[in-house]
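Here is a short briefing to read alongside the model on your screen. Please keep the viewer open, and follow the residues as they come up.

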Amino acid sequence: MRNGTKLTLFCGSALGLALAIAAPATSAFAQDAAVVADTATAAEADETQATNDGEGQDASEVEGIVVVGSRIRRDTYNTPAPVTVITREETTLAGFASTTEALQQSTSVTGGSSQINNAYGGYVTEGGPGANTIGLRGLGAGRTLVLMNGRRVSPAGSRGSVGTADLNVLPSAMLERVEILRDGASSVYGSDAIGGVVNLITRRNIDGVEVEGQYTGTQDGGGEQTRLSIVAGRSFLDDRLTLNGSLEYYEREALTLRDRDWTRCNQDYFFNPDGTRADYIDPTTGKPKCYPITATGSNGVTINTIGTQPIGGRNRFRPDPFFTGGPLPGFQPVTLASRDTFEDRMLNEDLISPVKIYTGYLNGTYELNALGDAEVYFEVLANRRESEQTGYRQLSLDYATGSPLLPAGFLRDSDQGAPTDITNGQNLGVRAFIGFGNDLSTQDVDFYRTTAGIRGDLSLLGDWKYDAYVSYSRSEADYMFQAFLIDRLSQSLDVVPDGAGGFQCRDLSGGCVAAPALSAQVVGGQLPRDWVDYVWRDVDGSTIYDETVVSASIDGPLFELPAGKVSGVFGVEYRHASIDDTPGLDSQNGNLLNFTSSAITRGSDSVMEAFGEIEAPILRDMPFAHSLTVNASARYTNYDSYGDDWTYKIGAVYAPTDWLSFRTTYGTSFRAPALFEQFQGGSTGFYDASADPCSTDNIGPAGGIRAANCASEGIPAGGFQPTSGITVVTAGGAAQGLEAETSTNFTAGVILRPDLPEGFGKLALAVDYYDIQIDNGVSRVGAGAIIDLCYDDPQFRSGGGYCRFIDPREAGSNALTVYDSYTNIATQVVEGIDYNIRWTGEVGPGDLRINAGVTQYLSQKSRLFSSDPFDEVNGTLTSPEYTANLDAVYSWDKWNFRYGLDWIAGQDSSAYLGVPGGRNASGYDFKVPSYYLHSASVQYRAEDWTATAGVRNLFDETPPVISAGAYNRVGNAPLYSGYDYFGRSFFVNVSKRF
């Protein structure tokens with residue numbers, strides 16, 4: 001990892017400030033219970049967590065709350081849109097070591113939708129490896145807006161797909177509470193707020209110093225977490241100046257495949273009709289065969305094997321000096337099932353990748369006593385993430401026909417056809433499938449965010465206020481991955497005798513080291529160190545993402561109605577963002593063997609917006625109308641990239657009585673294409689050769705449309721056996737006129753707060769229906785779909801269509817190249833119901849609080865083209881129909897006792913995948929049972945210190961098992977953030993206030 005010099009300087013300065021604040025020995029820590037302009041106390045937020053109703057609060061206790069989803073200042077939490085609140089105290093009791101964990105692992109937040117976390121280190125994700133994001137309603141992180149104190153948290157990460165906020169940058173030690181709006185809000189906040197908004201409120205008016213430490217250990221080892229923080233705050237100059245700051249260190253150690261029983265032997269998990277296992281039985285162990293971690297396709301990568309032209313009906317052989325029969329003595333023929341696919345170093349791969357995070361944060365206010373009792377405020381956030389991922393690599397080493405590095409005889413004469421990238425124009429003779437070993441990727445991401453603003457009263461307009469600020473954010477990332485370089489491999493494989501019984505490169509320039517001659521040791525992964533150092537290189541790149549926001553607004557009462565004041569907010573906002581991802585030259589030039597290459601991603605976009613919001617109390621304290629309030633907002637947006645548009649939202653809260661209320665919203669939202677979706681440089685990936693539409697397995701019946709199209713390219717009747725994979729180039733869509741996504745959002749809910757008999761406590765219930773539809777969605781068609789649409793088109797290449805995205809086949813190899821750019825095509829619909837219930841009351845000598853929530857999805861469907869039928873995935877794997885959570889806390893004297901439960905309903909993809917009947921009938925098992933996670937903790941709160949200890953995953957629940965072949969898996973389990981990969985873990989949190 002590289003040193004974070006800039007962050008070190010900032011943190012050093014912040015630490016000095018914190019010590020200066022803490023200097024007086026008489027200072028005592030006291031949480032400020034007063035309410036400031038944009039935040040309420042944690043206790044008040046907690047009182048409204050379940051229902052967002054707030055009807056029971058005394059308005060005199062709260063002044064000027066701004067709740068996520070609205071810019072109107074109000075005296076209660078009573079808003080038309082459903083809002084969930086999670087407090088700092090709750091996350092500590094639950095044992096979450098960071099805000100990232102609290103957001104990603106709580107079903108009350110995610111509703112069961114999968115989140116990008118550190119289990120996705122080997123996958124292409126927004127923000128690059130190591131980034132952690134949040135997506136609401138299953139609509140993805142790009143459609144969820146993240147705010148801190150009501151202001152945008154800009155994207156951060158590495159590589160060309162940076163487009164969403166990375167939760168790693170958040171100052172966990174300073175967070176007071178999190179407000180989650182699961183409703184569209186583009187008319188209030190602008191782009192991205194389609195699935196919802198997450199607003200993180202920081203602590204303010206701290207008086208003193210607080211030191212906190214938390215350690216989380218796992219029962220079976222691996223994945224340990226440590227967090228240390230110091231928070232300080234103090235007022236100066238007769239309370240006109242207030243400063244609050246924090247320093248924080250977080251570390252999570254690696255959790256590898258070796259660390260858990262259920263990931264040590266990834267199996268096919270296939271079944272016979274009688275229910276017995278149908279996996280290939282490894283003759284060396286007598287048990288089902290193990291494979292490395294895999295994606296959606298068939299298990300395993302081939303290692304310790306050579307591929308040749310067919311001989312005796314076989315073309316794959318494993319070195320075996322004791323095998324003297326068969327067509328190739330010394331090499332045992334193998335099949336797809338019996339080939340070697342596993343070796344011990346594969347277990348070094350990360351299940352959860354390690355990370356170190358350093359965070360410094362400082363906010364402050366200064367009362368000017370001028371400009372309408374103005375207050376100047378600022379925020380500074382500095383964060384450094386050092387993350388890395390350990391993987392496993394196979395080397396496909398191609399020896400040309402006739403190469404002197406091949407043994408004389410059949411192997412030297414073998415001819416598999418067309419040349420490859422590293423055979424120097426000669427036909428491929430023998431391919432060695434070598435288990436190379438572990439590879440490493442690293443990311444060092446520095447994130448900075450500064451905000452400065454002024455707010456005050458507009459005394460000439462009565463009770464009107466103004467707020468204006470400027471914010472600048474910058475993410476700087478250096479990243480590295482390891483790869484085999486094509487030019488060096490080619491040079492090293494072109495050899496001549498060295499006169500000493502060995503070989504040397506024909507071209508010795510650049511320190512070329514000759515490739516090893518084919519042998520059993522080489523095929524088995526024993527490679528010369530000097531040659532590895534020559535062809536296996538670090539590839540470095542850098543990413544910079546900048547965002548500037550300038551915003552100004554005024555708010556206050558417009559006029560008076562019989563039911564109360566009509567309030568309004570009006571403002572303007574300007575945003576400018578730019579991205580510059582510069583991969584290493586070898587990546588830009590496509591010089592990476594069997595590895596994704598990338599071009600430069602560079603571009604910028606700006607937007608100017610004007611917005612307004614009005615809230616009017618229509619009725620109050622009338623028969624059958626305790627209250628009726630209407631809210632309306634609108635926003636005009638003008639982007640440089642795609643032009644202008646309007647969004648709007650209307651909502652209402654109607655309470656016929658003081659214990660029953662109804663709420664509803666309807667609005668439009670939009671998402672401007674992320675910069676990488678517009679400007680991403682061409683990234684090259686690969687499909688397996690078996691996906692070629694003209695292969696023997698895919699060409700279809702003679703006389704069919706596909707067969708005829710293949711024949712027009714010179715493919716023989718019946719297809720062919722391709723030896724080259726399909727190159728897939730992915731790029732941004734700005735040149736094709738990419739437009740913004742649009743959506744409609746509808747919610748309707750009911751809230752009940754019945755008056756229970758004395759001694760029965762307080763009960764609150766909220767039920768909310770939601771329906772979100774996204775049109776013109778930014779997506780890629782997908783290389784597979786492009787190939788099928790082209791080769792099944794009767795007009796084929798003469799008709800244009802999707803064949804425009806496929807280059808003519810390469811001469812000799814017949815290889816295909818497909819271009820899959822971002823475009824506006826997709827439609828996505830999410831529909832469901834949220835149920836929330838809360839009960840509080842006295843039980844024995846203490847108080848009991850129970851919160852429970854259920855998310856029910858009625859539909860989760862999408863389609864790629866408007867002419868396609870909808871693809872409904874509700875209730876299938878990783879898209880559960882139901883999720884629920886229960887949180888019970890019993891408080892007595894200085895003690896708190898908590899029990900928590902998260903439930904994910906069983907899921908079944910059998911019918912969806914066309915394999916109905918379960919494991920016995922289909923041979924596959926894509927059905928999983930309900931999943932339960934239990935947790936328990938105890939907390940003691942003294943006057944100036946607090947200690948919390950507990951257990952997560954109390955019963956050591958392991959993820960369920962599914963068959964290979966359809967879903968990304970981790971070990972034998974689905975890749976899904978709703979499942980706990982750590983197992984039973986224990987945590988201790990101690991804080992001390994001075």
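Strand 2 runs parallel to strand 5 (residues 196-202), and five bridges join the two. Strands here, like helices, are DSSP runs numbered from the N terminus, with at least two residues (E) for a strand and at least four (H or I) for a helix; two strands pair if DSSP finds at least two bridges between them. This is a predicted model, in which local features need pLDDT of at least 70 and side-chain atom pairs count only at pLDDT 80 or more, while totals for chains, interfaces and linings use all residues. Residues are numbered from 1 along each chain as its sequence is written, and side-chain values use heavy atoms, with hydrogens and water left out.

**The sheet around strand 2**

- Five strands make up an open sheet in the order 1-4-5-2-3, with mixed pairing. Strand 1 (83-87) and strand 3 are at the edges with a single partner strand each, so one side of each has no neighbour in the sheet.
- Strand 2 covers residues 144-148, and five of its five residues are buried. Buried means under 20% relative accessible area, exposed means over 50%, and partly exposed is in between (1.4 Å probe, protein chains only).
- Which residues of strand 2 point one way, and which the other way? Thr144, Val146 and Met148 point one way, Leu145 and Leu147 the other way, and all are buried.
- Met148 stands opposite Leu200 in strand 5, and its bridge partner in strand 3 is Arg151.
- Strand 3 (residues 151-152) runs antiparallel to strand 2, and two bridges join them. Their hairpin has two residues between the strands, and Asn149 takes a positive phi there, near 55 degrees.
- Strand 1 and strand 4 (residues 175-181) run antiparallel and are joined by five bridges. Val85 has Glu179 as its bridge partner in strand 4.

**Helix 8**

- Helix 8 (residues 486-493) is largely enclosed by the rest of the structure, because six of its eight residues are buried.
- Which residues of helix 8 are buried? They are Ile486, Leu489, Ser490, Gln491, Ser492 and Leu493.
- These buried residues pack against strand 17 (375-400), strand 19 (464-484), strand 20 (495-497), strand 21 (503-505) and helix 10 (529-535). Contact means heavy atoms within 4.5 Å.

- Arg671 is in strand 28 (residues 660-671). Its relative accessible area is 5%, so Arg671 is buried.
- The side chain of Arg671 makes a polar contact with the side chain of Glu677, at 3.1 Å. A polar contact is a pair of N or O atoms within 3.5 Å; within protein, one must be able to donate a hydrogen and the other to accept it, and residues adjacent in sequence count only if both atoms are side-chain atoms.
- Leaving aside residues up to four places away in sequence, Arg671 touches Glu677 and others, including Gly142, Arg143, Asp192 and Val778.
- Ala632 belongs to strand 26 (residues 625-639). Is Ala632 buried or partly exposed? Ala632 is partly exposed, because its relative accessible area is 33%.
- Among the residues that Ala632 touches, not counting those up to four places away in sequence, are Gly612, Ile614 and Lys649.

**Aromatic rings**

- The structure holds 27 aromatic pairs. Rings of Phe, Tyr and Trp (its six-membered ring) pair if their centres lie within 6.5 Å; planes under 30 degrees apart count as stacked, over 60 as edge-to-face and the rest as tilted.
- One aromatic cluster is formed by Phe270, Tyr924, Phe926 and Tyr967.

**Positive phi in loops**

- Most residues other than glycine have a negative phi.
- Tyr269 has a positive phi, near 60 degrees, and lies in the loop between strand 9 (255-256) and strand 10 (281-282). Tyr269 counts as buried because its relative accessibility is 15%.
- Leu371 also has a positive phi, of about 55 degrees, and lies in the loop between strand 16 (355-367) and strand 17. At 59% relative accessibility, Leu371 counts as exposed.
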